[in-house]
Amino acid sequence: MNAPFMSSVMSVKPEWIDYNGHMNMAYYNVLFDTCGDEAYELLGLGPDYAKTRGFTTYTAEFHICYVRELHEGDRVRVSFQLIDHSDKSFHCYQELFHEDGWLAATGEALGLHIDMSGPKVAPFPPDVADKFAAMAAKQAELPRPERAGRSIGIRR
């Protein structure tokens, strides 16, 4: 995995289109989150993780940059690149691509590992920590994305 994880192909649904005729901003989150769920399976954080182990993840921050409009029926894929991780958190970067190859949006997240009995931030169990380390090692040669770490503000 010397490339970012890539999601399955997803389609822009008719109910996601707003009055401007393109995909409403809320549904970019849906696409990024769906990719995250697929990547989480590789990290041992799939749907059964909360039920069987009493841990989950929360998103502490998520930033989206909208690059190009998506429309009803557009087919897309989303990448997932692990930028950094600690014993309790992770930083990932995602890119949303149209099936024709152009970039529609980027997303960047800070995720927290949560002990649901608190809830409180808690260390990853060893098996999950090992999977994070393995993904980080496999993606270590990837350059840091140019758009990662952007701040928001009015340029003067």
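**Figure 1. The sulfur of Cys65 lies 14 Å from the closest cysteine sulfur, that of Cys92, which is too far for a bond.** The view is taken from a predicted model, in which local features require a pLDDT of at least 70 and side-chain atom pairs count only at pLDDT 80 or more, while totals for chains, interfaces and linings use all residues. Residues are numbered from 1 along each chain as its sequence is written, and side-chain values use heavy atoms, with hydrogens and water left out. A disulfide is taken as a pair of cysteine sulfur atoms within 2.5 Å; by this rule the count is 0 disulfides. Cys35 is in no disulfide, the nearest cysteine sulfur, that of Cys92, being 8.4 Å away. With a relative accessibility of 0%, Cys35 counts as buried. Here buried denotes under 20% relative accessible area, exposed over 50%, and partly exposed the range in between (1.4 Å probe, protein chains only).

**Figure 2. Overall arrangement of the protein.** The protein has 3 helices and 7 strands. These elements are DSSP runs numbered from the N terminus, helices (H or I) having at least four residues and strands (E) at least two. Read from the N terminus, their order is β-β-α-α-β-β-β-β-β-α. The radius of gyration is 16 Å, close to the 15 Å given by the globule rule for 156 residues, so the protein is as compact as a globular protein of that length. The radius is taken over C-alpha atoms, and the globule rule is 2.2 Å times the number of residues to the power 0.38. The C-alpha trace spans about 45 × 35 × 35 Å along its principal axes. Of the 156 residues, 38% count as buried. The protein exposes about 9,000 Å², of which carbon and sulfur atoms supply 51%; accessible areas come from the Shrake-Rupley method with a 1.4 Å probe, and for residues only the protein chains shown count as cover.

**Figure 3. The largest nonpolar core.** A nonpolar core is a set of buried Ala, Val, Leu, Ile, Met, Phe, Trp, Tyr and Cys residues joined through side-chain atoms within 4.5 Å. In soluble globular proteins, nonpolar side chains tend to be buried together. The largest core in this model has 33 residues, and those touching the most other members are Tyr28, Leu31, Leu70, Phe80, Leu96 and Phe132. At least two residues of this core come from each of helix H1 (26–42), strands E3 (55–66), E4 (75–85), E5 (89–98) and E6 (103–115), and helix H3 (126–138). H1 supplies the largest share, 6 residues.

**Figure 4. Surroundings of Phe80 and Leu43.** Contact means heavy atoms within 4.5 Å. Apart from neighbours within four places in sequence, Phe80 is in contact with residues including Pro4, Phe5, Cys35, Cys92, Tyr93 and Met135. Leu43, another contact of Phe80, is placed in the loop between H1 and H2. At 0% relative accessibility, Leu43 counts as buried. Leaving aside neighbours within four places in sequence, Leu43 is in contact with Phe80, Val128, Lys131, Phe132 and Met135. Leu43 and Val128 are 85 residues apart in sequence, yet their C-alpha atoms are 6.1 Å apart in space. For the protein, residues 24 or more positions apart account for 70% of the contacts with a separation of 6 or more.

**Figure 5. Salt bridges.** A salt bridge is a side-chain nitrogen of Lys or Arg within 4 Å of a carboxyl oxygen of Asp or Glu, and the structure holds 2 of them. One joins Asp127 to Arg53, with the closest N and O atoms 2.8 Å apart. Asp127 lies in helix H3 and Arg53 in helix H2 (residues 47–53), so this pair ties together parts that are 74 residues apart in sequence. Both partners count as partly exposed: Asp127 has a relative accessibility of 34% and Arg53 one of 36%. In a salt bridge between Arg75 and Glu99, the N to O distance is 3.2 Å. This pair links distant parts of the chain, with Arg75 in strand E4 and Glu99 in the loop between E5 and E6, 24 residues apart. Arg75 is partly exposed, at 38% relative accessible area.

Figure 6. Leu103 is placed in strand E6 and is partly exposed, with a relative accessible area of 21%. Beyond residues up to four places away in sequence, Leu103 touches Val67, Arg68, Glu95, Leu96, Phe97 and Arg147. Pro119 is found in the loop between E6 and strand E7 (120–121). The peptide bond from Gly118 to Pro119 is cis, with omega near -15 degrees.
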